[in-house]
Amino acid sequence: MGKPLFNEILEKPATSCIIGKCSAIWFYIQKKNIGYSHVGVSYETAIEGHYWRIITSAFSHISVLHLVFNMSALWSLGVVERLGYMGLGIEFYLHYTLVLVVLSGMLVLGAYHVLIQKFKLEYFRRVTAVGYSCVVFGWMTILSVKQPSTKLELFGFLSLPISFAPFESLIFTSIIVPQASFMGHLSGIIVGYAIAWGLIHGMNNYWAVSMLGWIALVFVLSLKQSGAFDFNFLEIESVTDPSLPSVRFLASGNSRTLQISSLPVSGPDLV
C-alpha cells in the first residue's frame with residue numbers, strides 16, 4: 001500500500017502548495033468565466049508591455065483536463081523535494097521552479113520573435129500560451145538527468161520511465177492534444193537540461209529572494225503601464241532625459257505616492 005495522502009503532502013509541501021494554488025486559480029477562472037486570452041501570454045501582448053502575463057499564464061489552466069494532467073505529473077515530480085541527499089531537496093525545488101517559470105516563458109517569446117521576424121510566420125504573433133506545462137517538462141528533464149531510475153506516475157495508473165518522459169510526453173501531447181504548445185513544452189525541456197547540466201547554477205536564498213523581488217516589481221509596473229490594473233498609488237511618467245529611470249515617493253496629504261520616471265515603450269523592439 002502507498003503512504004497516506006496526508007504524509008505525502010507533508011513530504012511534498014512546495015508541490016502541494018503549487019497544486020493548491022493552480023487549482024484555486026482554475027476554480028476562480030471558471031467561476032468568473034475568464035478566457036485564456038485574459039491570462040495567457042503571446043508575442044503580441046508581450047510587445048504591448050504585458051510582462052505580467054509570463055507569470056499569470058504559468059499558473060492558469062482553462063480546461064480541467066489540462067489542469068489534471070499537469071498537476072498529476074507535478075505530484076509525481078515532487079519527489080525532487082525528498083532528494084536533499086543528492087543536492088536537490090525543497091530549496092533547490094523552489095529556487096529552480098522560479099527559474100523555470102521565468103526563463104521558459106522568455107524562451108517561448110524569444111522563439112516566437114525569431115519565427116515572426118526572421119521567417120515571417122505571422123501565425124505565431126497571436127499564439128497564446130497558458131498552463132504550468134513548461135515547468136512540468138523542465139522538472140521531467142532535470143529528473144531524467146539526475147535520477148534516471150525514477151518513474152513518472154500519471155493519473156495514478158500510468159507509469160513512464162523518467163529517462164524518456166520529456167520527449168515521450170512532448171510527442172504524446174502534440175498528437176493527443178493538437179492545440180498544446182509544442183514550443184512551450186520544448187522551452188521547458190531546454191531550460192531543464194541547462195539546469196541539470198549545470199549551465200544554470202548558483203541559485204541560493206539570496207538570489208531567489210532578489211529574483212522574486214524584481215519579478216514582483218516588473219509584475220506590478222507592467223500591470224499599471226499596460227492598463228490591465230489601475231494602482232492608484234502609482235504614477236508612471238516619462239522623462240525627457242534618456243537616463244536611467246528614477247524612483248521616489250511623493251508626499252500627498254497624509255499618504256505617500258510612489259512616482260517612477262521611465263522611457264516610453266515603443267513597438268516591437270522590446271522583444
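How far apart do the end C-alpha atoms of residues 206-223 lie? They lie 26 Å apart, and the span is 100% helix and 0% strand.

## The model and its overall make-up

This is a predicted model, in which local features need pLDDT of at least 70 and side-chain atom pairs count only at pLDDT 80 or more, while totals for chains, interfaces and linings use all residues. Residues are numbered from 1 along each chain as its sequence is written, and side-chain values use heavy atoms, with hydrogens and water left out.

The chain has 11 helices and 5 strands, where helices (H or I, at least four residues) and strands (E, at least two) are DSSP runs numbered from the N terminus. Of its 271 residues, 43% are buried; buried means under 20% relative accessible area, exposed means over 50%, and partly exposed lies in between (1.4 Å probe, protein chains only). Among the contacts with a separation of 6 or more, 70% join residues 24 or more positions apart, a contact being heavy atoms within 4.5 Å. The accessible surface comes to about 14900 Å², and 66% of this area belongs to carbon and sulfur atoms; such areas come from the Shrake-Rupley method with a 1.4 Å probe, and for residues only the protein chains shown count as cover.

## Annotated spans

An unreviewed UniProt entry lists several stretches as "transmembrane region", including residues 92-116 and 206-223; the positions are given in the numbering used here, feature names are shortened, and annotations may be inferred rather than shown by experiment. In the model, residues 92-116 are 100% helix and 0% strand, with end C-alpha atoms 35 Å apart.

Helix α8 (residues 133-146) has 14 residues and reaches 20 Å from its first C-alpha to its last, close to the 20 Å expected at 1.5 Å a residue, where the expected span is 1.5 Å times one less than the number of residues. This helix is mostly covered, with 12 of its 14 residues buried, among them F137, W139 and M140. Those buried residues pack against α6 (64-77), α7 (89-117), β1 (151-154), α9 (165-176) and α10 (182-196).

Helix α10 has 15 residues and reaches 21 Å, close to the 21 Å expected at 1.5 Å a residue. Because 11 of its 15 residues are buried, α10 is largely enclosed by the rest of the structure; H185 and Y193 are among the buried ones, and what covers them includes α7, α8 and α9. After α10 comes G198, whose phi is positive, near 85 degrees.

## Two buried loop residues

S42 is found in the loop between α3 (36-39) and α4 (43-47), and S42 is buried, with a relative accessible area of 4%. Leaving aside neighbours within four places in sequence, S42 is in contact with L109, R125, R126, V127 and T128.

I162 has its place in the loop between β2 (158-161) and α9, and its relative accessible area of 0% makes it buried. Not counting residues up to four places away in sequence, I162 touches several residues, including L77, M140, L143 and P148. I162 and T141 are 21 residues apart in sequence and 8.0 Å apart in space, C-alpha to C-alpha.

## An exposed residue in a nonpolar patch

I175 lies in helix α9 and counts as exposed, at 62% relative accessibility. Together with I171, F172, I176 and V177, I175 makes a nonpolar surface patch of about 490 Å². Patches are made of residues with over 30% relative accessible area and no salt bridge, with like charges joined within 9 Å and nonpolar side chains (Val, Leu, Ile, Met, Phe, Trp, Tyr) within 5 Å; a salt bridge is a side-chain nitrogen of Lys or Arg within 4 Å of a carboxyl oxygen of Asp or Glu.
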